[in-house]
Amino acid sequence: MAIAGLGISSCDDGFLEVPSNDTITLDNFFTSESDLRVATAALYGKVWFDFNDKFYYALGDGRANNIFAPYSDYVYPFTNFTETSLTGPLVSAWGSFYNVIGQANNTINNIEANATNVSEEAKNEAIAEARFMRGTAYWYLASLWGNVPIITDNAAIVNNPIIPTNPRNDVFEFAIRDLEFAATHLPLEATQNGRLNQWSAYGMLARLYLSYAGLHNVDDRNGGIRDTEYLELARKAAEKVCVESGLELNESYAELFTLDGNNDAESLFALQWVGGTTEYGITNTQQAYFAWNSEITGDDAAWGYYTFASWDMIREYDSRETVRLHSTFATYGAEYPEINQAAGGYLYEETDRANIKKVSLVQRKILKVLLPE
Amino acid sequence: MRKTDLFLRRTFLAMFFLLSVSFVALSQNIMVTGNVTDDMGPLPGVNIMVVGTSQGTITDVDGNYNVEVPADGQLRFNFIGFESQVISVEGRTEINVQMQEDVQALDEVVVVGYGQMKRSDLTGSVVSVSSESIQETVSTSVDQVLQGRAAGVQVMQNSGTPGGGSSIRIRGISSLTSSTEPIFVIDGVIVDGSTGSNSENVLASINPNDIVSMDILKDASATAIYGSRAANGVVIINTKQGEKGKSFVSYNGYYGVQEMATKLDLLNLQQYAMHKNNRADAGIVTRDNYFIRPDLLGEGTDWQDELFTQASIQSHNLSVSGGGENNTYALAAGFLDQEGIAIGSGFTRYNLRGNFNADVNEWFRAGVNFALNNSEQQVTVEDANLIKVAMKQTPNVAVRNADGTFDGPDTDMYVQTNPVGMAMLRENENEKTGIRSNVFGEVKFMDGLTFKTEFASDLGMTNTYQFNPSYSFGAITNEVIESTRTKSYSKFYSWNNLVSFDRTFAEMHSVKVMLGHEMQKSHWEYLSGYRSGFVSNVGHDLNLGDGTTANAGSSSGGNSIISYFGRAFYSFDNKYQLTATLRYDGSSKFAEGNKWGLFPSAAFGWKVSNESFMSGVSSINNLKLRLGYGAVGNQNVGSDYAYTNVLSPVTTVFGTGLISENMANPDLKWETTYSANIGLDLNMFNNRIQFIGDVYYKETQDLLLNVPLPAYMGVEGQGSVSSPYMNVGSLENKGIEATLSTINMDRGDFFWKTDLVFTLNRSKVLSMDTETSTIDKTIQEGSETTIVTRTAVDQPIGQFYGYKVIGRFNEATDFYYKDDAGNIKEVARPEGLEISETGVWIGDYIFKDINADGVINESDRTYIGNPEPKFTFGIGNTFSYKGFDLNIFLNGFYGNDVINYQKRWLENPRENHNLYTSALDYARVEQIDPDGPVDIRNTHITGGDPMMPRLAASSSNANNRLSDRFVEDGSFIRIQDVSLSYTLPKDWISSVGVDVVKVYAKVKNAYTFTKYSGYDPEVGSYNQDALMTGIDNGRYPSPRIYTFGVNISF
């Protein structure tokens, strides 16, 4: 009979184990090298989505006054110097960087704790991918916010999440160490096109050294003078890529923004977006924010009619220069045979503006770490 | 000729019946006198009827009576609480009668967890709702019957849509993040009451006509036997079974019409045109050329009349039940078809049910019970918020074009779609099929010792069908044709084994012991598919869509519980009673070490009336005190795997990737509610007055909270992890509830009974993860997301949150005040706004500067209303006269606030859509000297409602921000049910072999007394969320229903 007092039999324990079928629990994962690749794959896109969605160009091009968007509250506060700590893109980028950091931390810690049957080399390679992402995010945070909390294990502080910030220099140093680890352990050639390799890390490292060279002593009495030590490191890291990688720049700058140019040799690191899907959070939405009408995108998502080049930007272009302008901003009379191919190309006929052409060709928007030219 | 013959014969027959009745009454009458007593003495008010007639009398205060009766007739003596007696006169002129107390009547059987008890043995708090109550209402699901009929149970319908859901709160809200709905035990199958949706209702699958009893377990001593699932209370529902002996066939059916109970006062075309001209004058819109002469315009389209119609409702139920010497059976079939009063809504249900119980031999009994239900529901109106659209669509837009196609506005900017077109064209339906079944076997080892094993299962399948066609309503067009199909499947099963022992020793010691073991497992699956790019609106299946747009997904989940439990009852001399229960539950939702929880309870009952010192008090025939304490749990964590790290898939260019989905909390455990209960049962004057009262205190500890974490923990946006569930915080509920039933009159043919139910509950959050933590709930309207409720420590749950309007700037001096030191200061204005026509101006609201910092900003929001009623009540009156029964039931809520959320726009004179006519009473702001300067000192208000804002070119002061202006008193008294029935006299119908013929007419939602300005003050909780109670955001109004029906059984 089933009634055996209050004793718990082992049969009960079995009944109380209900395995999940639509998610994966840690216990049954990280058992092979391919599991590690699955764990790092998600760090190339979704976690960066809220950064890429608006912030990246709103702060970058908006603050620089490259673009002008008088009706878009996610751009004009940056152009007009009226942003506050609550301005939408700032809030979402802050969240996005820490999503990158949190998920990279989880990946690193899960690999270290659970991937017991996988070779050290493979583990280090996967950890290097995660540390590259984490370091890059910390670099953005240090550059933009200064003192921020450094978190390496989210689970450890979940019960007491109110923690102090770390000084900006510590955050830079931390980011540099992440990238240095990545440069040591990433493979010379990536396992899949678009994934990180050693040259990605050196390229990013050059960028970090360079900005740290100018920032790490900015508060000192001698502030503002670039630190020659870090300048030298930046030069060395860049040289590594230029000399040893065997990679080369494209013939034409415009190629970078074509479909064929996706993940080409000039691209050291690019966020990897998924094309041809309506699933939110994994696609590159910049195309929709820049496209000025539906002929560009082929669907309703074209919200960029009122996002265009600033006058100051257009004025900067050398009047004889055509390639760069043509592939960055659409100006009156510009022809684009590659757009709307079904109708035989596209002719831009707006007379009072220059809309943004740059990303309208590629489904996958690329965050480029350009080789030092 | 034959026809005439038949007619004559029938008439003759009828005449004969009538005459024969009067013959009996007239022939050989004698006068009988006598005295009626019980064991205490004379019994007044005893009903004495001459059998076979409608004549009779009642005893006077001394128990004496006299009545005229045929010498060979019979007298029936009837009195509530006593067994009725029929005595043949046999020529006697004096008949004295001693009435015997009817032990059975007082001792109705109450269903408790895993067994039954006599009400007189109950020590916990249990309230019963009878099947008669169901018959008094027009209820399509049983939650509607519970409304106001059970003390301690507050029921509000969350939507009036057919098949829509309710929120049922038994003794308040016991959880902040997990379900607050009780569990239902339907013929042994445990069903969770939460759906998290307005249009869905787990009880909608049950035919109320099948139900024989509903018992609601409220305090911990009653519910602890259900342990970890019982924190929100338990409703035990049993369906009709056959009875040994006579077989019955019965039919019960009705047909009815439904209509809108109220209509809102919105602008007609003339008013709209004039107002639009005024808005053009104010510089808000450009002048409309069609509105040059508003006086020439007609009424325009009344969108309320267009979307809402008279709708039909019908229900047919057929049942056969009975039994032989060794077995009983019941079979039933039911059909319900309820159209919605709004086009594009409706509910149809089929029920089939059968049970069979057999006494196999002296010591073995077995039975089986099957119930199948199938329902179809149209939810277009609810899902597309069409009520809101109909309120806002303007009267200058026509429903249809001349050719019959749907029309719409002539621009697609800042306008509403055509709600009628959407309701009729868009497909949004679901079909549900469920099979609930159980089988049991029971072995009787010896007298009082039995073993019962029962297997119960509940299978459910839901298909949903959504199709968004291409259409053009004027300038509003949709070209993307989309179709979504989903299928879900759920399986629940439980197996329990019970040993029961029931014995009385030495006639004084009554002992009942039950020990049990139970295993429960539930599993669900969900599969969905989507395609767009359909070539036409005709075929809706995915195959007709563009394959390259296909999107499919599936998910599943499940959990299990194992339990050991027991209950012991001991009664000494039928005076002192003790019940102790214990349940030990293990759940799959928690990590090793926290899986098991122990839920004990104990209760004590003292039957004071059985004490010898009470024997002289004849007016009190039952007085009992009850005292109970116990703990129950809640295991409804939002996720089945919150205790462990879960990785979820992400589509990447490299194939599927995995990222962490949650922040695990391996320390997660049950939410536990401790509750204490003191109760009193009092029956007086031979049960003519019955009173049950309870006072309780409940404290829920280890609240499961989805702890909010700072964004740097990686918890916001795409690719974030969900913040962890933790056991932090506590809340309390305390209250009083009372049930009073009185028989006011029982005289001759006239019977009048009153039932009163009173419920009072106060909830408060005692602690959360930090002192300053809050749980905010928001509503999104367009691009605006507004906090509407806030739950915080030391506050009631889910209070409305917003600004306080303390007045209006009526004149220049209103902009300044003198502080205590006599300095002139400016009255606080919204941050960054100057005194100007485009800033803050005469006719704008003055908001309260809560933090007194001189400006109005988000920190000046505060609590502006509480949706929890001060008390609720139900009053039922039943009058019977001869074959007529009249029942009038009132349901009331008192002291609760409601946010009329859409009023923010419907009463804002600036808005482009249609408005309440009250919006026309906006403050008329004019210059005192027309040629003077534009200055507040040269501006005054010349008309309009004293509390309406101005019609301003700019909306900078945001007069329609969420403030106490939109919080209204939601108190109401509703004439919920009126039912009038007539049971045909037996002697009319018995000749054709029919036992009962009852015809009836009922009105549901007959009239509501309220100050609330929206459709219906009964708002309920948005998607069953206890923290979103009382927010009327275009709720589907409950219809008024008139039905006519007949009940025949033979």
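Glu200(B) is partly exposed, with a relative accessible area of 32% (buried is under 20%, exposed over 50%, partly exposed in between; 1.4 Å probe, protein chains only). The model is predicted: local features need pLDDT of at least 70, side-chain atom pairs count only at pLDDT 80 or more, and totals for chains, interfaces and linings use all residues. Residues are numbered from 1 along each chain as its sequence is written, chains are lettered from A in the order in which they are written, and side-chain values use heavy atoms, without hydrogens and water.

**View 1. Glu200(B) pairs with Lys432(B) in a salt bridge.** The closest N and O atoms are 3.3 Å apart (salt bridge: a side-chain nitrogen of Lys or Arg within 4 Å of a carboxyl oxygen of Asp or Glu). Lys432(B) is buried, at 17% relative accessible area.

**View 2. Asp121(B) forms a salt bridge with Lys512(B).** Their closest N and O atoms lie 3.2 Å apart. The pair links distant parts of the chain, 391 residues apart. Both Asp121(B) and Lys512(B) are buried.

**View 3. Lys123(A) and Glu120(A) meet in a salt bridge.** The N to O distance is 3.4 Å. Both residues lie in helix 6 (residues 120-144) of chain A, three residues apart (helices are DSSP runs of H or I, at least four residues, numbered from the N terminus). Lys123(A) is buried at 11% relative accessible area; Glu120(A) is exposed at 52%.

**View 4. A network of salt bridges links Lys903(B), Glu907(B), Arg965(B) and Glu968(B).** Over all chains, the count comes to 55 salt bridges.

Terms used:
Helix = DSSP H or I, 4+ residues; strand = E, 2+ residues; numbered from the N terminus.
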